[in-house]
Amino acid sequence: MEVTSIHGNRILSPLRSSIHGNRPLSVLSRVSFSARRNPSLASNYHSIRRRNPCSASSSDTLVAGKDGKPKNREVESKKGEEEGEDLKSWMHENGLPPCKVLLKERPSHDEKHSPIHYVAASEDLQVGDVAFSVPNSLVVTLERVLGNETIAELLTTNKLSELACLALYLMYEKKQGKKSFWYPYIRELDRQRGRGQLAVESPLLWSEAELAYLTGSPMKAEVIGRAAGIKREYNELDTVWFMAGSLFQQYPYDIPTEAFSFEIFKQAFVAVQSCVVHLQKVSLARRFALVPLGPPLLAYRSNCKAMLTAVDGAVQLVVDRPYKAGESIVVWCGPQPNSKLLLNYGFVDEDNSYDRLIVEAALNTEDPQYQEKRMVAQRNGKLSVQVFHVYVGKEKEAVADMLPYLRLGYVSDPSEMQSVISSQGPICPVSPCMERAVLDQLADYFKKRLAAYPTTLGEDESLLADSTLNPKKRVATQLIKLEKKMLHACLQATVDLINQLPDDTVSPCPAPYAPLLK
């Protein structure tokens, strides 16, 4: 159920489904496509904008207050229990068969926030039991929102981001209030506020001061880059709205950026990101799904094997372990490193066997023998800019994998280069001074990365021992602590290799065109 990152700069805005959501919406009409070719139609767009009375202040949008502004964190404690039936009752009334789960709640870390709901076993469960089976009529997919034909066309022209599309769909649905078929589900998403089961929001919603908790980690730049991608999506909404106007017959003047501010859109995007499920072995239009009773009501765990799966007419969960009645049910989140878990779901798993770091190495483009080295690298399955994955517990293997590539970058003698070209493997001539230079560069690189963190491992451990530590600070500290452990292991593996050199007094060879490490 790994969530795919943003791809492309544009999305298509969807029209809401029929009241029971059983039929897909109409595909793009000839009229909407003719607008691209007819300048007079294009001019109408601007007049629509001028007379459009809608604004964020008149809408009740996903993860926002009724004034259209981001929710005030001080007025949320009982929002999820207002006005009518709970989520599970609504689902049973609309086709959910008897199941073996119930919804429970635990307090949020901030008493001003609503408690966190979670799915728990309603009775003792055994391995292989079906916990629940949600009919497709209660699952939101792009097939439901747009229809297969539109999906295929938009994906081939790179106009669609699945997460942004689903987010915008639910935002428009929420504008319908109780008239929306999805009202109980949207209300539950609002209650969760995009928080995972540890009650922490994605760093995409953190303040600048809170992002400083990630100083030294590549995660900080990743958050900034993802936020910029969401902004690009937002900036394209009006253009796509106009091009696909036939999908907005029930909201003819609700231009997206006038109906929803960027902050509201970003909050809705993050909320969808925290609960979207990546279904396997289904059509393209159904691979991203929002499943009531799924995440974030289900807790993710890296060492779990249970996952939501598409079966005939439904999405079901078969448990992979026994549960006592009342215990929280967990599912597998896919082979994601902790940086992705924090970005997408707001938590870090210290037992995550899929955790990894990235080391980027590049051949020096100023090297006179760059093209020859590039050819040798490609022949051995590497690129001129090569990304190496350092998996937790396999740091020695990762360092060993980097060495042949780095040695290639250090070859300077043309005759040695010809020998490398004529060989059938990645073997480079290795002199004692070259090996020392390669290992010294690698050790310095790991030391530099460790020095970029403002705290030591010992200080991180002390922080985490404080039970009153701010939850965002806690997950950030967990992440950087695990990153540092992997970097320390890489450094130790490199130092061990230096200590194994026959003559540790040999000076490193000069390297005017040494490979670059990032």
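Analyst: Let's start with a working rule: a charge sits over a ring if NZ of Lys or CZ of Arg is within 6 Å of the ring centre and within 35 degrees of the ring normal. By that rule, K305 lies over the face of W332, at 5.7 Å from the ring centre. R106 lies over the face of Y118, at 4.1 Å from the ring centre.

Some ground rules: this is a predicted model, with local features needing pLDDT of at least 70 and side-chain atom pairs counting only at pLDDT 80 or more, while totals for chains, interfaces and linings use all residues. Residues are numbered from 1 along each chain as its sequence is written, and side-chain values use heavy atoms, with hydrogens and water left out.

Back to W332, which also has a ring partner. Rings of Phe, Tyr and Trp (its six-membered ring) pair if their centres lie within 6.5 Å; planes under 30 degrees apart are stacked, over 60 edge-to-face, and the rest tilted. W332 and Y354 have ring centres 6.1 Å apart and planes at 50°, so they make a tilted pair. W332 is in the loop between strand 10 (330-331) and helix 12, and Y354 in the loop between helix 12 and strand 11, so the pair ties together parts 22 residues apart in sequence. (Helices, H or I with at least four residues, and strands, E with at least two, are DSSP runs numbered from the N terminus.) W332 is buried at 16% relative accessible area, while Y354 is partly exposed at 22%; buried means under 20%, exposed over 50%, partly exposed in between, with a 1.4 Å probe and protein chains only.

The count comes to 13 aromatic pairs. Y300 and Y345 form another tilted one, 4.5 Å centre to centre with 55° between the planes. Y300 lies in strand 7 (residues 299-300) and Y345 in helix 12, so this pair bridges parts 45 residues apart in sequence. Y300 is buried at 10%, and so is Y345, at 2%. Elsewhere, ring pairs link Y234, F262, F265 and F269 into a cluster.

By class, the lining of the largest pocket has 13 nonpolar, five polar and nine charged residues; Ala, Val, Leu, Ile, Met, Phe, Trp, Tyr, Cys and Pro count as nonpolar, Asp, Glu, Lys and Arg as charged, and the others, Gly among them, as polar.
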